[in-house]
Amino acid sequence: MRIHVLGSAAGGGFPQWNCNCPNCDGLRRGTVKARARTQSSIAITGDNTRWLLCNASPDILTQLQRFPELQPARALRDTAITAILLMDAQIDHTTGLYMLREHRERWPLWCTAPVHEDLTRGNPLLNLLGHYCGVDWNTIPIDGQAFTIAAFEGLRFTALPLISNAPPYSPHRDRPVAGDNIGLLIEDANNGKRLFYAPGLGEMEARVWDAMNRADAVLVDGTCWTDTELVDLGASKKTARSMGHLPQQGEGGMLSWLAQLPSSTRRILIHINNTNPILDEDGPQYAELRAAGVEVAYDGMEIIL
């Protein structure tokens with residue numbers, strides 16, 4: 001199994017177009033050692049030919065241009081993206097579907113029932129795509145049963161409903177239901193290797209922790225360093241946890257959980273907000289992560305399992 005990180009930032013990307021926090025301003029001025037990042041999305045393959053797109057970022061066109069393997073040029077109109085899977089209905093994970101409307105066939109799309117509801121009612125993106133290529137919706141089960149996706153028979157997927165939050169336009173906003181947001185345990189049936197992927201994780205539960213312990217690599221929520229990061233900067237009145245993201249620092253924070261994983265587990269943070277000090281590769285927070293054996297995902301990063 002091969003995982004390619006197309007985008008590693010949270011909503012807005014890094015630098016965010018209207019943000020002058022120390023990170024964004026420093027990157028523009030060249031005074032902060034950091035890498036620009038597009039909004040989070042990954043692509044997965046089991047054969048280096050057919051790829052599953054996990055989340056469709058608003059930056060998808062830039063991401064496709066930077067990763068030529070997704071354009072094999074076998075015909076006049078071509079793509080190596082064979083199916084699309086959505087982890088949630090958030091703007092930064094679904095808007096890219098608009099940019100994929102020129103597809104010559106209906107897109108095989110996998111998402112949960114609540115996400116499908118949000119994308120046909122609160123934000124009727126899928127209805128609009130019906131006027132272009134259209135989609136064939138496949139329901140992701142959230143009962144703990146593994147499922148497969150056509151063309152990816154060597155990969156097995158298990159979805160875990162996460163405690164997080166639904167988008168602002170969802171009827172489930174601040175009243176989440178199971179399936180608004182999922183984590184994904186992906187297993188390569190050929191070698192038994194597993195990846196746990198959860199770009200939005202608001203609370204650690206026993207079944208989520210079990211899945212993380214079973215994985216050879218975890219690619220998990222790294223949105224904010226502290227719970228009050230955005231509040232302290234004056235960027236928002238919302239805490240990380242209230243938005244459905246477990247901060248790295250503090251009691252019960254992501255770093256305390258990652259420290260308890262087996263030493264052989266590869267630990268990677270993704271969905272990094274532009275305000276998070278771990279983006280500064282000369283900063284103490286980045287050094288703390290490295291000392292703890294925790295990596296920060298970047299655009300173009302490859303994970304081979």
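**Cysteines, rings and pockets**

Modeller: The disulfide count is zero, where a disulfide is a pair of cysteine sulfur atoms within 2.5 Å. The model is predicted, so local features need pLDDT of at least 70 and side-chain atom pairs count only at pLDDT 80 or more, while totals for chains, interfaces and linings use all residues. Residues are numbered from 1 along each chain as its sequence is written, and side-chain values use heavy atoms, with hydrogens and water left out.

Take Cys-21. Its closest cysteine sulfur is that of Cys-19, at 3.5 Å, which is too far for a bond. Cys-21 is buried, at 7% relative accessible area (buried is under 20%, exposed over 50%, partly exposed in between, with a 1.4 Å probe and protein chains only). Cys-111 is in no disulfide either: the nearest cysteine sulfur, in Cys-54, is 12 Å away. Cys-111 is buried too, at 0% relative accessible area.

Now the rings. There are four aromatic pairs. The rule takes rings of Phe, Tyr and Trp (its six-membered ring) with centres within 6.5 Å; planes under 30 degrees apart are stacked, over 60 edge-to-face and the rest tilted. One of the pairs is Trp-51 with Phe-67: centres 5.2 Å apart, planes at 90°, so edge-to-face. Trp-51 lies in strand β3 (residues 51-54) and Phe-67 in the loop between α2 and β4 (81-85), so this pair ties together parts 16 residues apart in sequence. Helices (H or I, at least four residues) and strands (E, at least two) are DSSP runs, numbered from the N terminus. Trp-51 and Phe-67 are both buried. Elsewhere, one aromatic cluster holds Trp-110, Phe-147 and Phe-157.

Charges meet rings as well. The charged end of Arg-35 sits over the ring of Tyr-298, 4.2 Å from the ring centre. That of Arg-101 sits over the ring of Tyr-132, at 5.9 Å from its centre. The rule asks for NZ of Lys or CZ of Arg within 6 Å of the ring centre and within 35 degrees of the ring normal.

A pocket is an open set of points on a 1 Å grid over the protein atoms alone, where a 1.4 Å probe fits, with protein on both sides within 12 Å along at least five of seven lines; lining residues have an atom within 4 Å of a point. Points are joined across faces, edges and corners, and volume is the space filled by probe spheres set on them. Helix α3 (residues 91-94) gives the most to this lining, with three residues. By class, the lining of the largest pocket has seven nonpolar, 17 polar and four charged residues. Nonpolar covers Ala, Val, Leu, Ile, Met, Phe, Trp, Tyr, Cys and Pro; charged covers Asp, Glu, Lys and Arg; the others, Gly among them, are polar.

The second largest pocket has a volume of about 480 Å³. It is lined by 19 residues, and Gln-71, Arg-77, Asp-78, Thr-79 and His-103 are the closest to its centre. Helix α2 (residues 60-66) provides the largest share of that lining, three residues. The lining of the second largest pocket divides into 10 nonpolar, four polar and five charged residues.
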